[in-house]
Amino acid sequence: MNDRQRRRFERLLRSRDIASNMSRVNTFPANSVGGRALASISNKITEIENLDAARSTDQRNYQHGTSTKRDKRAALRRLLATISKTAATAALDFPEYKDRFLLPHANVNDQNLLTTARSILAEATAHTARFVEYGMPDNFTETLNDLIEDFEQAVNQQHLGLGGSRANNAAINAALDAAEQDLERLDTAYRNKFAGDPASLAAWESARRIEKAPRKQKTPTTPAPPAPTQ
């Protein structure tokens, strides 16, 4: 959870714990408004915990996909560069290879890089023997195909991780909103039940208060040096 979500969630935890204290086990019967609200809050807490765990998994998948994509992209471009350079050299003897295997520009997006790599793979596969004549390994097209598949898989993992994380984040917010509506119901029931008990009301008021976000420390500014005297 982000900091705002965590503070909202911790308020729910404190409120649930105060309202469900064992010494007050019969305070809110299951069929009462307060009892139903308390049960719903408990269920939402479990739901939020599961959503947060799922989001954590999605975030790790996104990070893994991102780092893997970076490595596979670099390896893919290196092999494509080798193929392009070899074709350019072959063009000295075989003009039909001139500009036939041009390397995509450095900042090409992922999808266009995959498209170009597949095109080069198809072309290179039809001319494997020529590339091998100029020193390329016999299995360079298999290596290229593996890199394309690995890169595409990393891209998909990155997208799925990011999408899942965003979806779970939205679901956490929705669950918090729903739980806070139940907290309003429980708040009224609690205050009415303990209207003559200042200690219980003080404990409740403390529990349901959202903690303030910590203030960011300001970076002290270094005063400018005095101007040199004339």
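## The overall layout

In what order do the elements of the chain run from the N terminus on? They go α-α-α-α-α-α, so that's six helices and zero strands (DSSP runs, H or I of at least four residues for helices and E of at least two for strands, numbered from the N terminus).

Keep in mind that this is a predicted model, where local features need pLDDT of at least 70, side-chain atom pairs count only at pLDDT 80 or more, and totals for chains, interfaces and linings use all residues. Residues are numbered from 1 along each chain as its sequence is written, and side-chain values use heavy atoms, leaving out hydrogens and water.

## Helices α5 and α6

Take α5 (residues 140–193) and α6 (residues 198–207): their axes come within 11 Å and cross at roughly 165°. (Axes are lines fitted to C-alpha atoms, for helices over the stretch in contact, and angles run from 0 to 180 degrees between N-to-C directions.) The two helices are therefore roughly antiparallel to each other, a label for angles over 145 degrees.

Residues meeting here include Tyr-190 in α5 and Trp-204 in α6, with contact meaning heavy atoms within 4.5 Å.

Definitions and conventions: Angles under 35 degrees count as roughly parallel, over 145 as roughly antiparallel, 65 to 115 as roughly perpendicular and the rest as oblique.
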